[in-house]
Amino acid sequence: MSERSIEVVAGVITDARGRILLSRRTPTQDLPGLWEFPGGKREPGEAADHALARELDEELGIRAVIGAPLIAVPQAYPHKRIRLDVRHVARWTGTPRGREGQALAWVAPERLGRYSMPPADLPVVAALRQPSAYLVTPEPGDDDAEWLAGLDRAIARDVRRVQIRLHGMPPSRQARLLGEAATLCVRRQVDVLFNGAPALARAAGVGVHLSSSALRGMRERPVPPSVRLAASCHSLEELRMAEALGCDFVVLGHVHATPSHPGVPGIGWPAFEALREHTALPIYAIGGLAPADLDEARRHGAQGIAAIRGLWGAADA
Ligand SMILES: Nc1nc2c([nH]c(=O)n2[C@@H]2O[C@H](COP(=O)(O)OP(=O)(O)OP(=O)(O)O)[C@@H](O)[C@H]2O)c(=O)[nH]1
Ligand SMILES: [Mg+2]
């Protein structure tokens, strides 16, 4: 698909109770009946914050001060491409009304998933609700206690989602370490997924992260929908497989070269975006990234960053 993408700006408008304003697309618009973040198309040469303030006045009758960018999602639809640039609305005055006949709803963040939204909005909801960093654990080496202490330190630095990798060790040590890591994470309300046998993950009461080769061999969802499932992807074909299995999110890369894969160049952000626009899955970008790269990752449609070194060691190492 080669036509230029349509630049769209949309706002996260929050009330005093933390609820978010959604607007329902009318029967005469495209994607009729779906709920969206209020906003619209940028005019040629118009700055994003100006365009958003104008749209919020036209559609809702409010005066808004536009705040920080949240995420920009490149998305391909059957007959067009868009780039959905979502900004927080810092302050606003007036009473929102559906000035174009559209229904409005104030929705608590945890209930956003109950509203049918266009594909481009699913990564936006993920950026609002899910952790922005996904730690992939390094190999434990010989010292299990030191590895568990490292995990504890990462959590203390506010890692909220972890992929446990324990390759190349006897099954008994693997099961024991997984159990201890899971206990540590669950106690601190950190979301845990195990990169390994689904049966072992089930026994430890944690989610499952599929490597791309495990993903390729999987014919059906290995865990019930209530158990978190994620996968590592490197191509559009693998993203489609992850969608078909009902993955909750994926990891995509490598964006930059990384010591984990010596001699393999990164795909770069343009190729990341080209893949991003063909799926609605929330995506963590991986490959030489650290927390300091989050804003850049979000500008390219990633919901967050995944890393071993960048999240295990010092905060921005
Ligand atoms: N405003 C908004 N548009 C979205 C969202 N998600 C999403 O895919 N879109 C798409 O982005 C495009 C924005 O169009 P729009 O209909 O809001 O544009 P607009 O307000 O300028 O309206 P108009 O062109 O009818 O004057 C549509 O193709 C819409 O389907 C979203 O959350 N908010
Ligand atoms: Mg609009």
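What follows is a conversation about the labels given to this model.

Mentor: This is a predicted model, in which local features need pLDDT of at least 70 and side-chain atom pairs count only at pLDDT 80 or more, whereas totals for chains, interfaces and linings use all residues. Residues are numbered from 1 along each chain as its sequence is written, and chains are lettered from A and ligands numbered from 1 in the order in which they are written.

Trainee: What makes the radius of gyration of the protein chain agree with a compact globule?

Mentor: The radius is taken over C-alpha atoms, and the globule rule is 2.2 Å times the number of residues to the power 0.38. For 317 residues a compact globule would have a radius near 20 Å, and the chain has 21 Å, so the two agree. The C-alpha trace spans about 65 × 45 × 35 Å along its principal axes.

Trainee: Why is Leu281 called buried?

Mentor: A residue is buried if 20 or more other C-beta atoms, placed from the backbone, lie within 10 Å of its own, exposed if 12 or fewer, and partly exposed in between. Leu281 has 23 such neighbours, and therefore counts as buried, although its place is in the loop between helix 8 (268–276) and strand 14 (283–286). Of the 317 residues in the protein chain, buried ones make up 38%.

Trainee: Which residues does Leu281 contact, leaving aside its neighbours within four places in sequence?

Mentor: Contact requires C-beta atoms, placed from the backbone, within 7 Å of each other, and the partners of Leu281 include Leu239, Ala242, Phe249 and Val250.

Trainee: Why is Thr26 called partly exposed?

Mentor: Thr26 has 13 other C-beta atoms within 10 Å, and therefore falls in the partly exposed class. Thr26 lies in the loop between strand 2 (20–24) and strand 3 (35–36), and it touches Pro32, Glu100, Gly101 and Gln102 when residues up to four places away in sequence are not counted. Thr26 and Ala103 are 77 residues apart in sequence, with their C-alpha atoms 8.1 Å apart in space.

Trainee: How do you know that the span of helix 3 agrees with expectation?

Mentor: Helices (H or I, at least four residues) and strands (E, at least two) are DSSP runs, numbered from the N terminus, and the expected span of a helix is 1.5 Å times one less than its number of residues. Helix 3 (residues 144–156) has 13 residues and should span 18 Å; its end C-alpha atoms are 18 Å apart, so the values agree.

Conventions: Contact = placed C-beta atoms within 7 Å.
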